[in-house]
Amino acid sequence: MRNTPDARPEVSQDDPGHHWVRGLRSEADAPEEPVCSAETIASAVAQVGADPVQWAVELGARIADRTIRRLPEFGGGRASVTTLRLGTEQVAIYMVRSLDAGHMVHTPDSAETNSMIHDYVHRRVPMDRIWAGMRYGHAWLTEEFMAACRTLVDRDQRAEELESVSQILFEQVITYAAELGELYRVENDAWISSAEFARDDAIRSILEGEEIDENALSQTLRYPLSQFHVALVLKVAAGHESASADLHAAASELLQSLGTTTALVVGDSASEVRAWGGSDHTISADDAIPGKAIPGVDIAIGFGGRGANGFRRATEEAVRTADIAGKLRYRPPSVVTYAQVSLVGLLLENSDQAADFADRELGKLAEKSPHVGNLRETVLAYFECRHSPRAAGERLFVAKNTVIYRIKRAEELIGRSLDERPAETWAALLIAKSLYDCEPEAPKQ
């Protein structure tokens, strides 16, 4: 949403509202895109103008971020963050509108609220944690609105306006909490009587290692647990959020290409799904070739075994693979197996210690600059190509002599021959590639 300075409605002299909110302005370098519906944004802009609405959108994003740091169960992926922001952004926008009007305008858009509650119920976020999030959010909203009031309101009117902020925000949050509680009750009652709940509960019991009847759960899931299992985690890739992607179809297609004969797919088809495929024969990581990539989708694959234990092991491996791949500074392949990232995952178990190790091992070669990053990338390729400058050059699309020069320069920076501590140097280079916030220089044309 773009700010339009002239989009501020007129205020009549006898209007009882607190119109200082129309002076709210975002200070962000890049405007945050709203997650609320276009209708919600448009109606707010019509009342108070574009700038205060943009301020509220960005306040909602900040509060969502703070909530996730305090209550991690609200995070877990782009879709989960968007769900949380629906609530924090709604309240911030309607608080601006209510202050402007001098009374509570109305509660947020019911379709958006229903979508949010549906997500929380199906992810088993309990209502008491939602209320805990609202208590934190109420405190942070109060801080922000009062700070803005102190900046925008004259001293002689400030006490009265601060009292209005406190009163209207309290009324807004209490009303919203009551609405959410009732919607949660209705959604939860409907869900626990559904086949979807039975399926999700069956999957949960397997993953938590409970004593189960495999035959009974196979019937509930309509998926035979006796087979060999492959697990997938599929997410819309960064930068492709606006593209339409049917992840259910993508998961089924990939499982079939891997040689599975049965499939179980759960999750939001448009953002993230988990899937399992069963086969009468063992499927290995060698079957997960790059040719199975799906444009705009990141895929993590786990390979398990037979029965409930194999199902659980495949799931844990796929989830762990997705988690490691998501933390890397560099862009991993779009189809990733645990074998490809397991070593990096072990090295990064304690990222602070890993960074300290890399700094000590690499010396000046640990410098966080594109030029030195280029040298590190060359040394990694040199190690992985069995110390062949020619093969490393072919991989990096540079001449053999360029590789030789870079290796010599890297040894000067590290202060020793690369042959002296090859295992430690290689591990340090992997850590640096995974953690350092810089990209190697683009090869010269």
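Is Arg185 buried, partly exposed or exposed, and at what relative accessibility? Arg185 counts as partly exposed, at 43% relative accessibility. The model discussed here is predicted.

**Salt bridges**

- The count for the structure comes to 27 salt bridges. Side chains of opposite charge can pair when their charged atoms come close.
- Arg185 takes part in one of these salt bridges, with Asp189 as its partner and 3.3 Å between the closest N and O atoms. The two residues belong to helix H6 (residues 155–192) and sit 4 residues apart, about one turn of the helix. Asp189 is partly exposed, with a relative accessibility of 39%, and Arg185 is partly exposed at 43%.
- Another salt bridge joins the side chains of Glu143 and Arg66, at 3.9 Å from N to O. This pair connects distant parts of the chain, since Glu143 lies in helix H5 (residues 127–152) and Arg66 in helix H2 (residues 50–70), 77 residues apart. Glu143 has a relative accessible area of 47% and is therefore partly exposed. Arg66 is also classed as partly exposed, at 29% relative accessibility.
- Asp201 and Arg204 form a salt bridge in which the closest N and O atoms are 3.0 Å apart. Both residues are in helix H7 (residues 195–207), with a separation of 3 residues, about one turn of the helix. Asp201 is partly exposed, its relative accessible area being 25%. Through salt bridges that share partners, Asp201 and Arg204 belong to one network with Arg124, Glu208 and Glu210.

**Cysteines**

- The whole structure contains 0 disulfides according to the search. A disulfide is a covalent bond between the sulfur atoms of two cysteines.
- Cys36 counts as buried, at 8% relative accessibility. Cys149 is buried as well, with a relative accessible area of 0%.

**Strand S1 and its partners**

- Strand S1 (residues 228–236) is mostly covered, with 8 of its 9 residues buried.
- S1 pairs with strand S3 (residues 272–279) in the antiparallel sense, over 8 bridges. In this pairing, Phe228 has Ser279 of S3 as its bridge partner.
- S1 is also joined to strand S4 (residues 297–306) by 8 bridges, and these two strands run antiparallel. Here Val236 has Val297 of S4 as its bridge partner.
- In a regular strand the side chains alternate between the two faces of the sheet.

**Asp100 in helix H3**

- Which residue's side chain makes a polar contact with the side chain of Asp100? The partner is His19, and the contact is 2.7 Å.
- Asp100 is part of helix H3 (residues 78–101). At 3% relative accessibility Asp100 is buried, because the cut-off for buried is under 20%.

**Cavity**

- The structure has 1 cavity of 30 Å³ or more. The volume of the largest cavity is about 240 Å³.
- Its lining consists of 18 residues, and those nearest the centre are Gly87, Thr88, Gly133, Met134 and Tyr176.
- Which helix supplies the largest share of the lining of the largest cavity? That helix is H5, from which 6 residues come.
- At least two lining residues come from each of H2, H3, helix H4 (110–122), H5 and H6.

**Ser342 in helix H11**

- Ser342 lies in helix H11 (residues 338–347). The relative accessibility of Ser342 is 18%, which counts as buried.
- Between Ser342 and Thr321 there are 7.5 Å in space, C-alpha to C-alpha, and the two residues are 21 residues apart in sequence.

Key:
Residues numbered from 1 in each chain as written. Predicted model: local features only at pLDDT ≥ 70, side-chain atom pairs only at ≥ 80, totals over all residues. Heavy atoms only, no water. Salt bridge = Lys/Arg side-chain N within 4 Å of Asp/Glu carboxyl O. Buried < 20%, exposed > 50% of the residue type's maximum accessible area, 1.4 Å probe, protein only. Disulfide = S-S within 2.5 Å. Pairing = 2+ DSSP bridges. Polar contact = N/O pair within 3.5 Å; in protein donor to acceptor, adjacent residues only side chain to side chain. 1 Å grid on protein atoms, 1.4 Å probe; cavity = no way out; pocket = protein on both sides within 12 Å on 5 of 7 lines; lining within 4 Å. Points joined across faces, edges and corners; volume = space filled by probe spheres on them.
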